[in-house]
Amino acid sequence: MEHTITFDIPYIRLRFHAELLSSARMPETKTAALRGGMGEMLLRQNCVTDWKCETCRFRKSCVVSHTFYSVMEKKPSYVTSPESVGYLIECTDTRTYFKKGGQFEFMLTLFGDSVVFFNLYLQAFCQLGMTGLGKDKARFRISEVRNTHGRTIVRDNEVDMSRYCIDTVSSYIKRRKEKLLRGTGDWRLTFITPLSMKYQQEYMEQFYGEALVKGAARRIQMLNYYIGNEADVPEFSVYPEIRTQSVSLKTVRRYSGTQDSHMTLRGIAGTVIFNTMPGECLDYLIAGELTHMGKNTSFGFGQFVLGRDI
């Protein structure tokens, strides 16, 4: 029996504005540091035992499990480890030195049931700002948070949840498709951060149309499972045909506090120009702008944008 995928998935995309409280150095790639720091703050503020989530008797009802990880009763067969499918952090600011009063921004996108935990994420980032980010413990304050449509939800210490404005992935697809279909140029897909993904059991060193579409579809499938819909990835009859591509290998070093060691993450970045863009694939690639694709998305990997050449 086939289980149909739905794009009726709640989400909200939040822009955090942060101000440095003193001059400091910060990591070049901040997404992993923000995610790790957020997780530590969630544990500090909410864990009632010993931080050992795998063996905790309260895991099913724990707010850390529902925020830092994503509780799913059932998972696709390829998901073998705890997933953070309910949220994504994005920060493409690569500056490493900030003066006191300097500012940086990052995005937090929440999906499915994670949208109800906004105040827990906000508290975690505020606490992280007081504790400090990175090796130099760069301290900052959250000065403002804006919603998907640019309206202010948080300013200084005031929170206005009437402006929260939850959206759906299906409405995002509709808006983006209307804009993209008004264009007349070639279809273009550009990876803002590295993509780490296998194709035919090997990590990709170049882009393939089939792999990109299936990668985007698998992320939507995972979000379907997260909202309780056991969906199948559809059988596509045709895939986008790649005309040209520019590709480069990328490595990102990050420090793992839980393992007390440095890790090297690898992927590819670049731009793909398509000859064709089948309608059955377009919705999944548009959705992928929100969800990212491939491995290590919780560390910022797999972020891309669709466009049309003029």
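**Exercise 1. State the handedness of the crossing of helix 4 and helix 6, and then describe how the two helices are packed.**

Solution. The crossing of helix 4 and helix 6 is right-handed, as read from a model that is predicted. To go further, recall that two packed helices are described by the angle between their axes and the distance between the axes. Here helix 4 covers residues 169–181 and helix 6 covers residues 279–291, and the two pack at an angle of about 110° with their axes 9 Å apart. Because angles of 65 to 115 degrees count as roughly perpendicular, helix 4 is roughly perpendicular to helix 6.

The next step is to list the residues that make the contact. Helix 4 contributes Val 169, Tyr 172, Ile 173, Arg 176, Lys 177, Leu 180 and Leu 181, while helix 6 contributes Leu 282, Asp 283, Ile 286, Ala 287, Glu 289 and Leu 290.

**Exercise 2. Find how many aromatic pairs the whole structure holds, and work through two of them.**

Solution. A search of the whole structure gives 18 aromatic pairs. One of them joins Phe 68 and Tyr 69, whose ring centres are 5.0 Å apart and whose planes stand at 70°. Since planes over 60 degrees apart count as edge-to-face, the pair of Phe 68 and Tyr 69 is edge-to-face. Phe 68 has 10% relative accessibility and therefore counts as buried, whereas Tyr 69, at 22%, counts as partly exposed.

Another pair is formed by Phe 191 and Phe 304, with 5.4 Å from centre to centre and 50° between the planes, and this pair is tilted. Phe 191 lies in strand 10 (residues 187–195) and Phe 304 in strand 15 (residues 304–308), so that the pair links distant parts of the chain, 113 residues apart. Both Phe 191 and Phe 304 are buried.

Ring pairs also link Phe 16, Phe 98, Phe 104, Phe 106, Phe 125 and Phe 140 into a cluster.

Definitions and conventions. Residues numbered from 1 in each chain as written. Predicted model: local features only at pLDDT ≥ 70, side-chain atom pairs only at ≥ 80, totals over all residues. Heavy atoms only, no water. Axes fitted to C-alpha atoms, helices over the stretch in contact; angles between N-to-C directions. Helix = DSSP H or I, 4+ residues; strand = E, 2+ residues; numbered from the N terminus. Parallel < 35°, antiparallel > 145°, perpendicular 65-115°, else oblique. Left-handed = near helix turned anticlockwise from the far one by under 90°. Contact = heavy atoms within 4.5 Å. Phe/Tyr/Trp six-rings, centres within 6.5 Å; stacked < 30°, edge-to-face > 60°. Buried < 20%, exposed > 50% of the residue type's maximum accessible area, 1.4 Å probe, protein only.
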